[in-house]
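The sequence and structure come first.

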Amino acid sequence: ARLAKCYRGWTAVELNEALGREPSRIAPATGNPKLDLVARLADALEWEIGDVARGIWCESARESERETEDFAELDARAQHEHRAGEFTEMQRTARAMQGAASTSRERAIAANRLAGACDGLGHYAAAVNAVRDGLAEQGAGADVRLMLTVNLANGCYTLWHLDEAHAIASSVALALDARTRSVAATRIERVACAFAHAIRGHCARRMLARAPSAEAATLADEAARELRDAGARFRELHEEHGDPQYAGLAFPAEGGGIEAAVAGGTLDAEDALACILDELDRFVDIAATASPQRVEGAGWWSVFGANIALRARLASADEVDRTLAICTNKASEIAEHLGHWPIRERTFTLEWLRRSLRGRLDPTENPEWMLDADDVRVLVGTMARFPHFRRTGWEILDRSVVAA
């Protein structure tokens, strides 16, 4: 409130009128202001409502912070929590790292750890904001800035900010391509370069859905080339270091390359779908698969297969529907097994497209979608995480029947 008063140059009376509060009632005894006050403060400051709420919350949190621990110990703990998939604990550790950080480099590293935790929890916009905070630090070091930049590209890609993600990934790939061909390249540079090519390729692949026909061939060629390059780089890293994460990253790059090859006309759609469905047959019992990275890759292969079926002219509408059903069912199974929000978003979108297609082909068919409480919970969570999906989410809710 003091900031708003200063910013507007208001008297105390003018401030109270703008906030709709008397001096003694600016905030309740609990210290947690009501939504209307937060909204009025946002108007007065010309801030976003979320930024005002976050500022109030962070101020409250700072008052209850415990003593900070050693930064190096916290960083080691955050890395262990990341490998173990303990993202809620990692988020707390990253916050403690921010409190313990005393240099630009440490603040940038803490921001990167926080971004990793937010990404693991499905808070993708928060992850992008954390990465941007890290990149704002001067003197963080080239290695940390490289990690942050690649993570920024990936965050933008996850949120479907494709133009931004493509531009950032292209910049990283261009800067590192020549260096990674030399023996002087570090492991982190090679990983970042492979990741940049993968993001660039996947962005081009996704851009196919909105591209005019004159640009589609160029995008398809770029996607196929970049994903083939990324897959080869990750395979090479896996052979050298034995890290299953690299094989896990190569797998979806190779599957995305199949989709791009079909779009570019260099691979027949039915042959591609036969290859994809044959691969998915290896994941009948996903709980028995040792590698979660491999299972995630199978989820993306399911998405690629559904994309191909939607675009391709298969033998019949029934064949398209059958293939879409197989792919979306497998993607949904994997998404629920892993708690994977980006695959959940694709599953809902593709299933909605499948049902809409059936309705257009046969107007007598009932397009209603039966949802239970768990379905609604996941749908709402997906809408929260992906702003571009909200319109589709509302359409699904409007056309669905929710079981009591």
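A contact means heavy atoms within 4.5 Å. By that definition, residues 24 or more positions apart account for 61% of the contacts in the chain with a separation of 6 or more. The model is predicted, so local features need pLDDT of at least 70 and side-chain atom pairs count only at pLDDT 80 or more, while totals for chains, interfaces and linings use all residues. Residues are numbered from 1 along each chain as its sequence is written, and side-chain values use heavy atoms, with hydrogens and water left out.

**Overall layout**

The secondary structure comes to 19 helices and two strands. Helices (H or I, at least four residues) and strands (E, at least two) are DSSP runs, numbered from the N terminus. The C-alpha trace spans about 75 × 65 × 45 Å along its principal axes. Of the 404 residues, 45% count as buried. Buried means under 20% relative accessible area, exposed over 50%, and partly exposed in between, with a 1.4 Å probe and protein chains only.

Helix H16 covers residues 317-338, which is 22 residues. Its span from the first C-alpha to the last is 31 Å, close to the 32 Å expected at 1.5 Å a residue; the expected span is 1.5 Å times one less than the number of residues. Buried residues of H16 include Val320, Leu324, Cys327, Ala331 and Ile334. An α-helix has 3.6 residues a turn, so residues three or four places apart point the same way. Just after H16, glycine 339 takes a positive phi of about 65°.

**Nonpolar cores**

A nonpolar core is a set of buried Ala, Val, Leu, Ile, Met, Phe, Trp, Tyr and Cys residues joined through side-chain atoms within 4.5 Å. The largest core has 64 residues, of which Ile199 and Ile396 touch the most other members. Helix H9 gives the most to this core, with eight residues. Another core, of 29 residues, lies apart from it, with Leu277, Val295, Ala331 and Ile334 among its members.

Leaving aside neighbours within four places in sequence, isoleucine 396 is in contact with Phe348, Trp352, Trp369, Leu371, Leu379 and Phe389.

**Aromatic rings**

Which residues do the ring pairs link into a cluster? They are Phe251, Phe283 and Trp301. Rings of Phe, Tyr and Trp (its six-membered ring) pair if their centres lie within 6.5 Å; planes under 30 degrees apart count as stacked, over 60 as edge-to-face and the rest as tilted.

The structure holds five aromatic pairs. One of them joins phenylalanine 348 and tryptophan 369, whose centres are 6.2 Å apart with the planes at 50°, so this pair is tilted. Phenylalanine 348 is in helix H17 (residues 341-361) and tryptophan 369 in strand S1 (residues 369-371), 21 residues apart. Both residues, phenylalanine 348 and tryptophan 369, are buried.

Phenylalanine 348 also forms a tilted pair with phenylalanine 389, at 6.2 Å centre to centre and 35° between the planes. Phenylalanine 389 lies in the loop between helix H18 (373-385) and helix H19 (390-399), so the pair ties together parts that are 41 residues apart in sequence. Phenylalanine 348 counts as buried because its relative accessibility is 10%, and phenylalanine 389 because its value is 1%.

A charge sits over a ring if NZ of Lys or CZ of Arg is within 6 Å of the ring centre and within 35 degrees of the ring normal.

| Charged residue | Ring | Distance from ring centre |
|---|---|---|
| Arginine 294 | Phenylalanine 251 | 3.8 Å |
| Arginine 344 | Tryptophan 341 | 4.3 Å |

**Cysteines**

How many disulfides does a search of the whole structure find? It finds zero, a disulfide being a pair of cysteine sulfur atoms within 2.5 Å. For cysteine 156, the closest cysteine sulfur is that of cysteine 203, 8.8 Å away, which is too far for a bond. Cysteine 156 is buried at 1% relative accessibility, and cysteine 118 is buried at 2%.

**Positive phi in loops**

Most residues other than glycine have a negative phi. Glutamate 46 has a positive phi of about 60° although it is not a glycine. Glutamate 46 is in the loop between helix H3 (35-45) and helix H4 (49-63), and is exposed, with a relative accessible area of 56%.

Tryptophan 160 also has a positive phi, near 70°. Its place is in the loop between helix H9 (142-158) and helix H10 (162-180). At 21% relative accessibility, tryptophan 160 counts as partly exposed.
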